[in-house]
Each structure stands twice: as C-alpha cells, then as structure tokens.
Amino acid sequence: MTDVDVNGNSGMSEMNEMNGNSGQLNGKATGFGKVIKPGATIGILGGGQLGRMLTLAGRNMGYRFVTLDPTEDSPCGQVADEQIVAGYDHVISARKLAEQAEVITYEFENVDAQVTELLMKEAYVPQGSQLLYTTQHRIREKKAIEAAGAPVAPYEEITSAAQLREVVERFGTPCVLKTATGGYDGKGQWVIRSLDETQEAFDTLIKSGAELVLEQFIHFDKELSVIAARSPGGEVKAFPAAENIHVNNILHLSIVPARIPASVQKEAEELAVRIASSMGVIGLLAVELFLTPDGQLYVNELAPRPHNSGHYTMESCRTSQFEQHIRAICNLPLGSTELMTPVVMVNLLGQHVDPLLELLDQPGFEDEELGVSAKIHLYGKHEAKHNRKMGHVNLLASDTARALTWIERSAIWESK
Ligand SMILES: Nc1ncnc2c1ncn2[C@@H]1O[C@H](COP(=O)(O)OP(=O)(O)O)[C@@H](O)[C@H]1O
Ligand SMILES: [Mg+2]
C-alpha cells in the first residue's frame, strides 16, 4: 500500500506529480489539482448499484464511463460505455482501466492493496490511497475520527480471548466485538451480552483472520448519517442528516429531515464536515452516527463513497450525492445540498420487488390523497435473492409522516 498524503492542497499537487498526470488530456492543472471536464472518461472500480448511479449522474453531465467488475452485465456495466469483466484484484485489468480513464474512482472501500498501488502509480486517483487505507480498518478509522475531534464509542483492540474477557469486564455488557476489516451489513460482529460469551465470540470472529476491536455498546435513540463532499481545493459541503432505520442489520429507511432537533442536525452535519476536512477527503465521505437519548452524538463508522443512506438525495436535494461525488473528483464547484422536499427512502430487497411491481398500476401508487410521489430506482440485478439490495424508492411528500403512511399502506415491506 502506497501512502499518499492527501491532507490539504500541497498533498494534492504532490499526488498529481506522483501520478505524472499534471495537465494531461482533459485535465487542467490548477493549484488545487486538475479539472476533469465533461467529455472525459471516468473509470469506476466496481460495477454495483453505487457505480450505476454514479454513472447515470455523470452521463447527464457528459462524462463517459468504464467500469471493472467480475460479473458480466453488472448494474453499472449496463449503463456505462464499457465494462471490463475481471476480478477487482486482477492487476492487468486494473491497468487497462487506468489506461482508458482520465480519472478513477471506486464504489467500495475494500480495494485490493496491489491494485491500489498500481492505480496510484499509473492513473489519476484524486481520492488517494490514504482514505482507503484508513477506512478499510475500523481501528485506523476510529483514530482518524478522534484526530478530527469527533467522539467515538470507547473501544479497544483485542488480541486474545483472555484480554477480551478483561476488557468486557471493564466496559460492561453489552458490548460489540467487530472484525477490524471486511465487515458489512452487520456481518463480522458479535454483540456480547454476558461474560460467558467471550470465548465463543472471540473464537468465531478470529476465524476470519482479521484483527478485532471491542466497542462499548451505545444505547442510542436514533441512528443518523451525514454525507459530506470535499473537493481538492478544500471546499466542503454536507447533505442534510438522515435518520436511518435498519431491519436485520440492513438499512430499511432513511427519513429526511431527521426527526431530531435542528441543533442536533446542525451538529451532526458539522461533525461530518470536520472529519472530511481533517482527513483531507476528496469526493464523498459518509459518516454514520449514533444519537443517545441525552443528545450526545457518537461517530460509528465512515465510508469513502456514495452511501445507501444518501440515496434520498436523488430527487429531494438540488444536487444528488452521485453528482456531488463526480463534481468533487473532477474538481468542479460543489453543488448546493439544499433539501427541496421532505423525503423517505425505502430499500427494495429481493422479497420486495414483486409486490412493488404489482402495486405499480394500482391507484395507491400515486396516492393523491396523501400527496406522495414515489420515485422508483431499480438496479438491474438479475436475481432477486432474499435480502439482496435490488433498488429503492424515494417517497417525496409535504412531510415525512405522509411518506411513512404510504409505505405502511403499500404493505410491501411486511415481508421482512
Ligand atoms: N457500538 C455499538 N453500539 C450499539 N450498536 C452498534 C454498535 N456498533 C454497531 N451497532 C449496530 O450495528 C449496526 C452495524 O454496525 P456497523 O459498525 O455500522 O457495521 P456495518 O459495516 O455492518 O454497517 C449499526 O448500524 C448499529 O445498529
Ligand atoms: Mg454501518
């Protein structure tokens, strides 16, 4: 893993030099990194739904896209100009991606270290490798959050079952044991509810080969997220905080405006801006937070990419998270993040697709009485497996309660 300093502007221009790309092609070298203008080709590592929605937003602006993904006809491949069909760790294919694209981004954070190194050397990756390196690992990530002056739940690195027991005794139960790398949608985690479970929890999670971290359990009232974008010149903008509801550890709803005091919304947004600035992020940074009943915010984790909880921005904000990411990595001015209408985003998992399609031509779909507009997004995945993210619906309404009523009346999400 090459460590490239992307903290601040000097780091940025240094990186351009390293990449040997200054002023080439469509890239206009400036004091703050180069500008990639529409017409240029953007390469995306990963062909999932995040890549697809990035591509759709960028195509509107006139960019061209090439994606690399092992699955043929991937969600992103379907809408990109080209898909290179290969594994994410296939170095030769990553080189091909680098050759074809003027700028490269990624839609997941677990990018192979060798591929990262190659791309940093042979391509222009404005997000840099440091951001990936930090957010790939929970302990490094927590240290970066703390360095930004933002609070995290008390945590400790765990190296043996005996030490785990000792830390659990100190933290008290419940607490959460997590793998430091590779977890998602609640995978790679164990909520320890009593001291008797420590051995089993340790034995189970250590099998993954990853390092482990124990966190104190935060008895939160709400889960929130804020997505911030930062451009090479240091401009930072945050989207309105979303209130997130998970079912079976998978995001179910994002409710915006979040049903929390305006002062807490502001504080959450400020935390995201502070973290993005402190880490010298370029592109998007999603910040997941816990809000406790006494009004305290803790940062849970980060994602250096578009985030499921930011899909609500697509029709409800002046600029979507996807357009904002393109603007940031291409060094265009960031767009306004103003919320134009209350919105609830609801995820469509495999089991929800058929019921939604059945409802489409029913009178309740465009519900005039509720005044709700339902905007459907399907990702073009071939197999609607149980709990697989297949799409989402953004429900625009004069208030979020009406959007929530629409969801309840539709009865689509009764099948968990
Ligand atoms: N320290 C904690 N205290 C309370 N709940 C937690 C804690 N850590 C995680 N959780 C719960 O588990 C969910 C998934 O954990 P997270 O760290 O966000 O991992 P993932 O990568 O799977 O999203 C969180 O959204 C939250 O509901
Ligand atoms: Mg999470």
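**Figure 1. Secondary structure and overall dimensions of the predicted model.** The protein has 13 helices and 17 strands. Its radius of gyration is 21 Å, close to the 22 Å that the globule rule gives for 416 residues, so the protein is as compact as a globular protein of that length. The model is a predicted one. Along the principal axes, the C-alpha atoms fill a box of roughly 60 × 55 × 40 Å. Of the 416 residues, 48% count as buried. Among contacts with a separation of 6 or more, 63% are between residues 24 or more positions apart.

Figure 2. In soluble globular proteins, nonpolar side chains tend to be buried together. Not counting residues up to four places away in sequence, leucine 285 touches Ala228, Ala272, Ile275, Ala276, Leu302 and Pro304.

**Figure 3. Helix H11 and its cover.** Helix H11 spans residues 321-330 and is mostly covered, with 10 of its 10 residues buried. The buried residues include the charged Glu323 and Arg327, as well as Gln321, Phe322, His325 and Cys330. The cover over the buried residues of H11 includes helix H2 (49-61), strand S4 (103-106), strand S9 (222-230), S13 and H10. Asparagine 331 follows H11 and has a positive phi, near 65°.

**Figure 4. Proline 306 in its loop.** Proline 306 lies in the loop between strand S14 (297-303) and helix H10 (313-316). With 26 other C-beta atoms within 10 Å, proline 306 is buried, the cut-off for this class being 20 or more. Leaving aside neighbours within four places in sequence, proline 306 is in contact with Leu50, Met53, Leu54, Leu284, Gln321, Phe322 and His325. Proline 306 and leucine 54 are 252 residues apart in sequence, while their C-alpha atoms are 8.3 Å apart in space.

**Figure 5. Helix H13 and the residue that follows.** In helix H13 (residues 400-410), the buried residues are Ala403, Trp406 and Ser410. These three cover an arc of only 50° around the axis, which puts them on the same side of H13. An α-helix has 3.6 residues a turn, so residues three or four places apart point the same way. The buried residues of H13 pack against strand S15 (343-349), helix H12 (353-359), strand S16 (373-378) and strand S17 (389-396). Alanine 411 is in the segment after H13, and its phi is positive, near 60°. Alanine 411 counts as exposed because it has 11 C-beta neighbours inside 10 Å, where the cut-off is 12 or fewer.

Figure 6. The bond from threonine 173 to proline 174 is cis, with omega near -5°. Proline 174 is placed in the loop between helix H7 (161-171) and strand S6 (175-179). The bond from valine 256 to proline 257 is also cis, with omega near 0°. Proline 257 is found in the loop between strand S12 (250-256) and helix H9 (262-278). Most residues other than glycine have a negative phi, and most peptide bonds are trans.

**Figure 7. Asparagine 248, a residue with positive phi.** Asparagine 248 lies in the loop between strand S11 (242-247) and S12. Its phi is near 50°, a positive value in a residue other than glycine. Asparagine 248 is exposed, with 10 other C-beta atoms within 10 Å.

Terms used
Residues are numbered from 1 along each chain as its sequence is written. Chains are lettered from A and ligands numbered from 1 in the order in which they are written. This is a predicted model: local features need pLDDT of at least 70, side-chain atom pairs count only at pLDDT 80 or more; totals for chains, interfaces and linings use all residues. Helices (H or I, at least four residues) and strands (E, at least two) are DSSP runs, numbered from the N terminus. The arc is that of the directions from the helix axis to the C-beta atoms. Two residues are in contact if their C-beta atoms, placed from the backbone, lie within 7 Å. The radius of gyration is taken over C-alpha atoms; the globule rule is 2.2 Å times the number of residues to the power 0.38.
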